[in-house]
Amino acid sequence: MTELLLSAGRGPAECAWALARLLSRLEGEATRRGLRTDRVETVAGDRAGTYRSVLVRITGAGAEGFAAGWTGTLCWQAPSPYRTGHGRKNWYVTARTCRTDVLVTPFDEADVEFVPCRTGGPGGQHRNKASTAVRATHRPSGRTVVVDTERHLHLNRRIAVELLRQRIAADDEAARRAGVDARWRIHDELVRGDPVRVERP
């Protein structure tokens, strides 16, 4: 499975029209190759039947190679359907692979390594001489916390596990948001520096 984001960027209405034509061609070509396509997300253009951007999920054997063939700057060559007599016939769309399925980091307390330690500060002789603080490391992610808020090791261990669980969940959410932000950055740009694949009606 792979996902392809097609975007008309800030181009004129004809680019959104070209995106709809290219999308139909992509879906038809994918079907002929035995691949399945699903429109995961669409942003409609100003005119009926047009798109500013479309996120397409492609599944099946050879999906990544197929998507790679559609990646880059795509040029649809046709007269403008909206402005008769307009001289321009090249309408550009960008296509980029992207990931929206951010993996959730599994959390199992068995993956947490605990090391008792001492910490200084107020708390008297018990705190300064007994190893009641704990350094906890979640091995799969490498996240580490040190907890010394309680006078008993087992309470600090419990707090450390909960802190690690919360921080790993926050990291996963940040990664998910970064993926969404990246998709919208691609939507807003129209890059013509890539090799251009030319499509004609």
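**View 1. Leucine 4 and its neighbours.** In this predicted model, Leu4 touches Leu26, Val54, Leu55, Val56, Ile58, Ala67, Trp70, Thr71, Ala95, Arg96 and Thr97, leaving out residues up to four places away in sequence. Contact here is heavy atoms within 4.5 Å. Numbering starts from 1 along each chain as its sequence is written, and side-chain values use heavy atoms, without hydrogens or water. As this is a prediction, local features need pLDDT of at least 70 and side-chain atom pairs count only at pLDDT 80 or more, while totals for chains, interfaces and linings use all residues.

**View 2. The largest nonpolar core.** Which members of this 27-residue core touch the most other members? They are Leu4, Leu6, Leu19, Val56, Ile58, Phe66 and Trp70. At least two core residues come from each of β1 (2–7), α1 (13–32), β3 (51–59), α2 (63–69), β4 (72–77) and β5 (90–98), and α1 gives the largest share, with 9 residues. Helices (H or I, at least four residues) and strands (E, at least two) are DSSP runs, numbered from the N terminus. A nonpolar core is a set of buried Ala, Val, Leu, Ile, Met, Phe, Trp, Tyr and Cys residues joined through side-chain atoms within 4.5 Å; buried means under 20% relative accessible area, exposed over 50%, partly exposed in between (1.4 Å probe, protein chains only).

**View 3. A ring pair.** The structure holds 1 aromatic pair. Ring centres of Phe66 and Trp70 are 6.4 Å apart with planes at 50 degrees, so the pair is tilted. Rings of Phe, Tyr and Trp (its six-membered ring) pair if their centres lie within 6.5 Å; planes under 30 degrees apart are stacked, over 60 edge-to-face, and the rest tilted. Both Phe66 and Trp70 are buried.

**View 4. Helix α1, end to end.** Just after α1, Gly34 takes a positive phi of about 80 degrees. Confidence (pLDDT, from 0 to 100 for each residue) is highest in α1, at a mean of 95, and lowest in α3 (residues 124–129), at 54.

**View 5. Two arginines over rings.** The charged end of Arg47 sits over the ring of Tyr82, 4.1 Å from its centre. Arg157 lies over the face of Phe114, 3.9 Å from the ring centre. The cut-offs are NZ of Lys or CZ of Arg within 6 Å of the ring centre and within 35 degrees of the ring normal.

Technical notes:
pLDDT = per-residue confidence, 0-100.
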